Amino acid sequence: MDLLRGLGARPGTDIEIVSGRPRDTLESWLGDLPVSLWAEHGFWWRPVGSGQWQPTSDLDPAWLERLAPIFTQFAEATPGAFVERKSASIAWHYRRAHREFGPRQAHELRMLLGDALSNQPFEVLEGKKVIEVRLRGVSKAVVGRHVASVVKDDTAVLAFGDDRTDDDLFRALPPTVVTVAVGTPSDHARFTVRSPAAVRAALRSFVTDDDRATPAA
């Protein structure tokens, strides 16, 4: 938190935090920081210095009600799994499920949703121990396009991401952006670092100007 606060206070530096988490979670965790927040993969945006969240797309919430029974059925049949409902998506988390049974159930749910949503304006995402359905077009690419539209040509942009959904962001950013995958290499990121600790070291170097804090690639 101190690192993010220091970065946000750094002259000429803008911080955009992008998450699949809902607004209230980001607000409780990071709401007092001098940063812009993007919730639900870019569906909600709270600009820096503003206390108001803005939707980036129109959405009919009725579709969530049609999918909820499927997610609930799989959660009840998978000990440790649970359903998370958001404004623009619904997610089935299985990080607490049995390490073999959880992935098998996730595969079954993924196949079922693929058939049920055929030719529908929705897409199925597979993240870290989560299967999520969202409105097509609502992705972290929204943030990438926003950044591309507001930054000047001489602005240095650095983007970190550790999830498959971050590939949407990487693809939408201009080719001059330094994109960095964390943990697992990505075909859409130019560089890879091993861990969140390496990310913190890289960001800390901007605050301390300490070249020794450069992360190991």
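**Reading the labels in this model**

Q: Where is the place of Val207?
A: Val207 sits in helix α7, residues 196-208. Helices here are DSSP runs of H or I with at least four residues, strands are DSSP runs of E with at least two, and both are numbered from the N terminus.

Q: What kind of model is this, and which residues count?
A: This is a predicted model, where local features need pLDDT of at least 70 and side-chain atom pairs count only at pLDDT 80 or more, while totals for chains, interfaces and linings use all residues. Residues are numbered from 1 along each chain as its sequence is written, and side-chain values use heavy atoms, with hydrogens and water left out.

Q: Why is Val207 called partly exposed?
A: Its relative accessible area is 41%. Buried means under 20%, exposed means over 50%, and partly exposed lies in between (1.4 Å probe, protein chains only). Val207 therefore counts as partly exposed.

Q: What makes the nonpolar surface patch?
A: Leu158, Val178, Phe191, Phe206 and Val207 make it, over about 380 Å². Patch residues have over 30% relative accessible area and no salt bridge; nonpolar side chains (Val, Leu, Ile, Met, Phe, Trp, Tyr) are joined within 5 Å, like charges within 9 Å. Areas come from the Shrake-Rupley method with a 1.4 Å probe, and for residues only the protein chains shown count as cover.

Q: How do you know that Asp2 and Arg5 form a salt bridge?
A: Their closest N and O atoms are 3.5 Å apart. The rule asks for a side-chain nitrogen of Lys or Arg within 4 Å of a carboxyl oxygen of Asp or Glu, so this pair qualifies. The two are three residues apart in helix α1 (residues 2-9), which means about one helical turn between them.

Q: Are Asp2 and Arg5 called exposed or partly exposed?
A: Asp2, at 65%, counts as exposed. Arg5, at 31%, counts as partly exposed.

Q: What makes Glu123 and Arg134 a salt bridge?
A: Their closest N and O atoms are 2.9 Å apart. The pair links distant parts of the chain: Glu123 is in strand β7 (residues 122-127) and Arg134 in strand β8 (residues 130-135), eleven residues apart. Both Glu123 and Arg134 are buried.

Q: What makes Glu126 and Arg164 a salt bridge?
A: Their N to O distance is 4.0 Å. Glu126 lies in strand β7, Arg164 in the loop between β9 (158-161) and α6 (166-172), 38 residues apart. Glu126 is partly exposed at 32%, and Arg164 is exposed at 55%.

Q: How many salt bridges does the structure hold?
A: It holds twelve.
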